[in-house]
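This report walks through one model, sheet by sheet and helix by helix. Follow along in the viewer.

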Amino acid sequence: MDVFVCAGCEAVLSAPVARVALPVHARQRWGHSLMPVLMESGTYAVDPEPGGPAGAAVLAPGDLRGTVLLPERCDGCCGSAGGDGPNLACVRCGLPVATRVDDCGYWQEVWCDPGATRVVPGADAEVPSRWAELAEECAPLPPVAPEGWWDPRWAAAVGAALAGVVALSGGRPVAVEPGPLAVTLGRAVDALLPPGPPGRTVVPAGPGLPVPEDPRALALVPVHPRTGEVWPCSGGVDGVPLDAAVWLHVAQGPDELPHPAAGRVPAGVHRDEPLPLRPLTLFRADLDVFLRTLSRLPAFHEPWLRRIHEEVRGRGYAGAPF
């Protein structure tokens, strides 16, 4: 467990926290409602390729200690969007040390300024990731929230995976197997790539699933939620990283409707077989996550891939093809 301290006076600024991988939905903007906390309590993550200061670390607001809010730097609508720079100062010396974000449409988070804070590492040895226990590290994430809306974490995860699939497609048709992927990732793939007989097929792979036999397969593999390690593919199969919670839901197989029971339900017994949630709208992958991920891939220098990027960015959300 690590602790953040002020670079100016060494005051402790956080509870003990453990480093984990940066969530794929970090820095995501979603609608206009109030969003939940980005990081689980007791954890933090470092953005390796941030839109802000290099090496900025994010943690849950409840894990912060010894800071005071600077109201003049809170620029949001219902809270702070973080656009005016650090808005939390060290209580002891007054140095601006972090930025609290809690405006509508933003995940609630605190970004520690790497120039004003430093991490004091704990004495615990790092525990290697164990893929066999992935289900114990995080829970499967259903694509539809109880209110009937697509979960924004699915939009971000599919947006990132979509960039990987498109980059590995070579600009040729790609098929997506039936199930939750067909109505999420498949719809976006069909919108960006040409029609015709597929050259490659997207299939889930990873712990507990068979290795694709076809070397042309595009294997959707999990990203370890703690270490950020991507499940290693074998046999020359190309892997496309997918958020672990989303992958766990996909790996369970397609949602199935309950099977009818024979006979009558005994008196006093209630059925506990609710139908799977159905979304109120068509799925849309997160446009910003897709564009940001695509621009950071090694294949981005290819002219055809840059054309897709520019076309999607030029249309914006209103005219996006997915």
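## The seven-stranded sheet

Seven strands form an open sheet, in the order β2-β3-β4-β8-β7-β6-β5, and the pairing is mixed. Its edge strands are β2 (18–19) and β5 (67–69), each of which pairs on one side only. Strands are DSSP runs of E, at least two residues long, and helices are DSSP runs of H or I, at least four residues long; both are numbered from the N terminus. Two strands pair if DSSP finds at least two bridges between them.

The model is predicted: local features need pLDDT of at least 70, side-chain atom pairs count only at pLDDT 80 or more, and totals for chains, interfaces and linings use all residues. Residues are numbered from 1 along each chain as its sequence is written, and side-chain values use heavy atoms, with hydrogens and water left out.

## Strand β3 and its neighbours

Strand β3 covers residues 43–46 and β4 covers 57–59. β2 and β3 are parallel, paired over two bridges. R19 has Y44 of β3 as its bridge partner. On the β4 side, the pairing is antiparallel, with three bridges between β3 and β4. Here Y44 stands opposite L59.

In a regular strand, side chains alternate between the two faces of the sheet. In β3, T43 and A45 point one way, Y44 and V46 point the other way, and all are buried. Buried means under 20% relative accessible area, exposed means over 50%, and partly exposed lies in between (1.4 Å probe, protein chains only).

## D47 in the loop

D47 sits in the loop between β3 and β4. Its relative accessibility is 6%, so D47 counts as buried. The D47 side chain makes a polar contact with the side chain of R27, at 2.9 Å. A polar contact is a pair of N or O atoms within 3.5 Å; within protein, one must be able to donate a hydrogen and the other to accept it, and residues adjacent in sequence count only if both atoms are side-chain atoms.

## The β7–β8 pair

Strands β7 (residues 96–101) and β8 (residues 109–112) run antiparallel, joined by four bridges. In this pair, A98 stands opposite C112 of β8.

## Helix α2

Helix α2 spans residues 152–169, 18 residues in total. From first C-alpha to last it reaches 25 Å, close to the expected 26 Å. That expected span is 1.5 Å times one less than the number of residues. Of its 18 residues, 16 are buried, so α2 is largely enclosed by the rest of the structure.

At the start of α2, a side-chain oxygen of D151 reaches to within 2.8 Å of the backbone nitrogen of R153. After α2 comes G170, with a positive phi near 70 degrees.

## α2 against α4

The axes of α2 and α4 (residues 185–192) come within 10 Å and cross at roughly 45 degrees. Axes are lines fitted to C-alpha atoms, for helices over the stretch in contact, and angles run from 0 to 180 degrees between N-to-C directions. The two helices, α2 and α4, are therefore oblique to each other. Angles under 35 degrees count as roughly parallel, over 145 as roughly antiparallel, 65 to 115 as roughly perpendicular, and the rest as oblique.

The α2 and α4 crossing is right-handed.

## The four-stranded sheet

A second open sheet has four strands, ordered β10-β11-β12-β13, with parallel pairing. Its edge strands, β10 (174–176) and β13 (238–243), each pair on one side only. β10 runs parallel to β11 (residues 200–204), joined by three bridges. V174 has R200 of β11 as its bridge partner.

How values were computed: Left-handed = near helix turned anticlockwise from the far one by under 90°.
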